[in-house]
Amino acid sequence: MAVVVLSIIPAAFGGVAWGILGGALPGISPSITMALLLPFTYSMAPTTAVVMLACTYIGAEYGGSIPAILIRTPGTNAAAATVVDGYMMKMQGKAGEALGISLYSGFVGGLFGMLVLVGLTERLSAVALAFTPPAYFALGVLGLSVIATLAGESLVTGLIAGLLGLMISTIGTDPVTGLNRFTFDSPELLSGIPPLLVMVGLYAVGDLFVKTGEPDWAKATSEEARIKFPSPALWKRIARPQLIGSLLGAFEGMMPGGGGAVSSFLAYNEARRWSRHKEEFGHGSPEGIAAPEAANNTVACTALVPMLSLGIPSSNSSAVLLGGFLMHGLIPGPLLFVSHADVVHGLYVGMFAGNVAMLIIGYLIMSPCMWLVNRPKPYLMAFIYALVVSGVYAIQNSIFHVGLTLGFGVLGSAMTYFRLPVLPMVLGVVLGFVVESNYRRALVISSGDYRTFVQDPIAAGLLAVAFLFVTGALVRRLREARHVRSAAGASV
Amino acid sequence: MKPAGVTKEASRREIILGCGTLAIAAGYYLLAVRIPQSDIADVIGAQGLPKTYAALLALLSIILIGRAALARRTAAAPEPPTITVGPAARHVGWRTFGMLVNGALYVALVTRLGYIASIAGLIASTIYLQGGELNRRSIGVAAGGALLLWLLFVRLLHIPHPPGIWPSLF
């Protein structure tokens, strides 16, 4: 146990440091930061690898607030709410205080998220132990339907992205008969396309291609890099927004498609509503930083609840973490707690250490962070590209994999252009095997009787919820379209 | 007055997307029916779900095309650009394409030239494509970066990379 802890703690510190640096680069989201790290975790012990990835998520959520406060450019989507008051505080000469509030609130939110994660995950997975093949199939369908309806701008494009992911998952050997499908006589495709390559391609390379046309971001001065932790009076003042942020983050993190950005803005609005200093919001309010930062760091922990207990990731970052689990032969879901309880408990310890590490590293890493943010964008992008191709090659010493990742990069940038959401596709790739193998297994057990999916109460319930989600989204979109049409008619 | 929010450009994109995914569905279906039948196959078989996925994708593509075509009729005309498109903006598409060609060249050349030379080339050309200048500084950064990555992967992590023209280093 001591040996395991000895490897977990450095992994937690390393992951947090990597996450803060990645999150601090404008436009590099937590999922991209994690995707860049994925290939490097391949040769690590499973527990060390997943701890490092999870702690990268934790660090990136805080890192995003650094450029948000210093240069008015959020490093991550979740830090967008921090820009409002963070940058105002910086303009008032209080950049150090703003960074301190962000770091401390992220730490508080992270600890709260850990409590929720540990308290809920195993209970939920205990329920999931009663799952049969029809229920697993239904769970996969539910996960895909929920993400497809919530991600992106349209239900149809979300479903298309999910289906494309499912199609990619059919490449390789058929899970029942062992026949080759869509392999084009290529030996490299026999074992299918690893989800890791899809994620690195879609998130990291695709983003790199998209960002080619974007201008360089503003630069910060090094005098702003000194963090000042809140005074006891300020501690007291920001306690309520931190609680609001933590509660909303805990709830939103577990909701499919919720994520840090939604929870941050919700927390900001609620903190203003409950504040005694409403007038300060938008003009440099410490509460306006504390609430969103507590929320997005809570999300970094609670987003793992559905992923660990049911195997369904609720956000891009938890999907990448799921990829890390799969890469090491670990299948998140109820059986993970039975077959690899040591990994789960190691992850808890690592994430707790990661939250503490964030407080220490967040304080120490400011200078390297500023140095990195101030590098010219072309140089940074060039190194990210080099790191991706080198890291992907390192997984199986395969040039074919590098080419495949570049192909998914092209697909990712095309998806951005056509506004096709990435998460449903990633989920389709990840869940494709679970959906198909359990669907067919269920039918083999029931001798081809399709009623098995409605006779199993869990499967029937999950499929009903999936149906409600899709029809609910459809009805909502139709109503919106009718509203737009009637508004247009009235204005003619 | 046309409804705000839906522009002809957005509808055009959706129609192109729908046509593209429809073509993917057709191609995927044709490949799916060619999967041989197995004697030990279950009731669904290896073809079963792929054919269903293709049919669903085709259906959704048709819905997308139909919806976009309807929206196009009532769509607002695109707003006139507020910023003059300069030569730099016009080159963005080419630069993005260049990034892909850059990666493809790396894949094609790394086994022949070796890791250090190829990755240095990739870094230098990416700096240029991302808007940087190719000068002594950027070439120095590319060479230093290649050396750093070689140290990280080959020496520190002991992950072999293609030796190419300099086998003694690997």
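1. The radius of gyration is taken here over C-alpha atoms, and the globule rule is 2.2 Å times the number of residues to the power 0.38. For the 492 residues of chain A, a compact globule would come out near 23 Å. Chain A has 22 Å, which agrees.

2. This is a predicted model. Its scores are ipTM 0.88 and pTM 0.82. For chain B the mean pLDDT is 85, and 85% of the residues reach 70 or more.

3. Chain A has 22 helices and two strands. Along the principal axes, its C-alpha atoms fill a box of roughly 70 × 60 × 50 Å. Of the 492 residues in chain A, 63% are buried. Take the contacts in chain A between residues at least 6 apart in sequence: 79% of them join residues at least 24 apart.

4. Chain B is assigned domain 1 (8-74) and domain 2 (87-169). The centres of these two domains of chain B, taken over C-alpha atoms, are separated by 38 Å.

5. Next, the contact between the chains. Chain B gives 55 residues and chain A gives 50 residues. On the side of chain B that touches chain A, the elements giving two or more residues are α1 (8-33), α2 (45-74), α4, α5 and α6 of chain B. The residues on that side of chain B comprise 37 nonpolar, 13 polar and five charged.

6. Helix α5 of chain B (residues 115-129) deserves a look. At 1.5 Å a residue, its 15 residues should span 21 Å. The end C-alpha atoms of α5(B) are 21 Å apart, which agrees. Just after α5(B), G131(B) takes a positive phi of about 105 degrees.

7. How many of the 15 residues of α5(B) are buried? Twelve are, so the helix is largely enclosed by the rest of the structure.

8. L196(A) sits in helix α9 (residues 195-210) of chain A. Is L196(A) buried or exposed? The cut-off for buried is 20 or more other C-beta atoms within 10 Å. L196(A) has 23 C-beta neighbours inside 10 Å, so it counts as buried. Leaving out residues up to four places away in sequence, L196(A) touches L38(A), G323(A) and M327(A). R237(A) is 41 residues from L196(A) along the chain, and the C-alpha atoms of the two are separated by 44 Å.

9. Most residues other than glycine have a negative phi. D185(A) is not a glycine, yet has a positive phi of about 60 degrees. D185(A) is found in the loop between β2 (180-181) and α9 of chain A. With 7 other C-beta atoms within 10 Å, D185(A) is exposed, because the limit for that class is 12 or fewer.

10. N397(A) is the other case. N397(A) has a positive phi of about 50 degrees, although it is not a glycine. The loop that holds N397(A) runs between α18 and α19 (399-417) of chain A. N397(A) counts as exposed, with 11 C-beta neighbours inside 10 Å.

Conventions
Residues numbered from 1 in each chain as written. Chains lettered and ligands numbered in written order. Predicted model: local features only at pLDDT ≥ 70, side-chain atom pairs only at ≥ 80, totals over all residues. Helix = DSSP H or I, 4+ residues; strand = E, 2+ residues; numbered from the N terminus. Expected span 1.5 Å × (residues − 1). Contact = placed C-beta atoms within 7 Å. Domains from an automatic or database assignment. Nonpolar A, V, L, I, M, F, W, Y, C, P; charged D, E, K, R; others polar. pLDDT = per-residue confidence, 0-100.
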